Amino acid sequence: LFSHKMYGLTGYSRFSSFSPFQRYNRYADEEEDLEDVERPPLPSRASPMSERAVYIPLRLTRSERMKLRIIEGALQVSEYTDRVDILTSREKKSRIIKRQFKDLCAVLSGLLVASDYDEGQRLVKERDFTENAEFFQQVFEVGRRFKITNPEKMRTDYGKLIYLLQDASIPQIQENLGFEAVIPVKTVANFLKERGAEGILAEPDIEFATQEVLQESHVSREAIRKTIKLKERTVKALIDKYTSDRISKDELQSAIYSLTDNNSFLNSNARPIKNVISLLKEFFHPDSVEREFSLAIHAGSEGARLTHTHERQYNYALQSLELWAEFMENAFLLWYMAEADLLNNQHRYRLTNTGQGLNRQQQSPHCYRTACAIVASVQKRLGNWVGSSVVHLGDDMVPNALTFVDKYLQVPRILVPIVTAIEAIDDLMDKYGAKTYIESNWGSAERCKKIILCDFFRHAFDGSGGESFMEAGSCIDGRLTSAWNFCSKIEKKEYYPIFLLSGFVGFDGDFQK
């Protein structure tokens, strides 16, 4: 799937003799020593572009977008997981998988006929899925690539797709189908290397050519316009230099814009976390505390499962936010590691009731090692660590790599409404009715902000959200569980009207688009 040795996806056998619970279900050992876990290097935005481009997917072309619409349409009407992921059945599971897979392929063929009659006629004429394996491989790859570059899309359909491909990768199923459904995801590095243009990634100007031009408040519109013009000239110069018989200008432009998309994703998803960190540092200090705005929490009080002093809670919240920011910086790498685990035949899943319904529980060594590397890097950078460093993966809490990655990609959905509400308070003070409401309930805009933030930093990081300490607590996964528990209770907060006035509609977003 992703054969680059620096990330250790080949020849890794440390986990081959472990059951899912031997390695990952560490309820009895809440203080895991991450020094014992072999960790891959983590390419950051400061790393050379040649290293980053290895896991940055290529932007979809116009023809590929047509295939994307086809796979999205087929997945929306598919009932694959409903039919396959059941505990008991009179029919052999391999037969169910084969029938459901071929049904999906038939729907894909029909949708192709509707969108491109000539190409669809050729596909249908063959009447043999094996003969059309290349088309199905490309369609599945396009869906996976689009999801990686747009994690907020296909929130339900991608699960069907990856579980279908997970089953199709089983040797016995693959033999029955007659073709291999999974091919490597197209990345910028591989695309350029195949066409002899990989040298562009080592160009000094590639960093500037692929950066996102942000509209900062302290930068004038004229300065932004000049930066955009200069960037366009830089992109053109690079394209002119590397255009050849093997790669066209349009293909080079697509590769460069794919790198820009990656920077844009990192900025848009990491910025809310950085903004919340700034709010924590602006309104609170670890060494001094106002009695009304102490961050101290006590186990058993107001739903908290942890007991922290103000200083300890401040550091715990800060470390959690820094950890989430690091996860977002490595989101694309985590996607590749997740797919490497999900589509790995050496670690087969088992369908089990985890207490949250039936889930595919599977060992995920590649994703686990990457997560441990991220945690270790944050620990090293911040120094004294508060709470547990256990990474739940492959157990009842986080059954597989897809669940793990998807949980952390929801962090911006949690934090954006918080930041929006705080920023909206100053604007609301310019409106007579809203100003009167804020002053009559909280005295001032400043006090209103502090009450919201104090409640958030206390109860979004208090170890709550699970039925037991092992399901929440201070472990890596438990920090996010507490945040989601806070979100579920937002309607009961006294300051909830402030969220509504800021345009708040929910934390979850749209699951269909």
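Residues are numbered from 1 along each chain as its sequence is written. In this predicted model, local features need pLDDT of at least 70, side-chain atom pairs count only at pLDDT 80 or more, totals for chains, interfaces and linings use all residues, and side-chain values use heavy atoms, with hydrogens and water left out.

Start with confidence. pLDDT is the predictor's confidence in each residue, from 0 to 100. The protein has a mean pLDDT of 85, and 86% of its residues reach 70 or more. Helices here are DSSP runs (H or I, at least four residues), numbered from the N terminus. Over residues 1-35, pLDDT stays under 50. Where pLDDT is low, the predicted coordinates should not be read in detail.

Now look at helix 7 (residues 133-149) and helix 8 (residues 157-168). Their axes come within 11 Å and cross at roughly 130°. Axes are lines fitted to C-alpha atoms, for helices over the stretch in contact, and angles run from 0 to 180 degrees between N-to-C directions. Angles under 35 degrees count as roughly parallel, over 145 as roughly antiparallel, 65 to 115 as roughly perpendicular and the rest as oblique. Helix 7 and helix 8 are therefore oblique to each other. Phe140, Gly143, Arg144 and Lys147 of helix 7 make the contact with Tyr158, Leu161, Leu164 and Leu165 of helix 8. Contact means heavy atoms within 4.5 Å.

Move on to helix 13 (249-283) and helix 14 (310-329). They pack at an angle of about 170°, with their axes 9 Å apart. Helix 13 and helix 14 are therefore roughly antiparallel. Among the residues that meet are Phe265, Leu266 and Ile273 in helix 13 and Tyr314, Leu318 and Trp324 in helix 14.

Helix 14 also packs against helix 16 (residues 365-382), at about 135° and with the axes 10 Å apart. That makes helix 14 oblique to helix 16. The contact includes Leu323 and Phe327 of helix 14, and Ile374 and Val378 of helix 16.

Finish with the aromatic rings. Rings of Phe, Tyr and Trp (its six-membered ring) pair if their centres lie within 6.5 Å; planes under 30 degrees apart count as stacked, over 60 as edge-to-face and the rest as tilted. The whole structure holds 19 aromatic pairs. One of them, Phe284 with Phe457, is edge-to-face: 5.9 Å centre to centre, with 85° between the planes. This pair links distant parts of the chain, 173 residues apart. Phe284 sits in the loop between helix 13 and helix 14, and Phe457 is in helix 20.

Methods: Helices (H or I, at least four residues) and strands (E, at least two) are DSSP runs, numbered from the N terminus.
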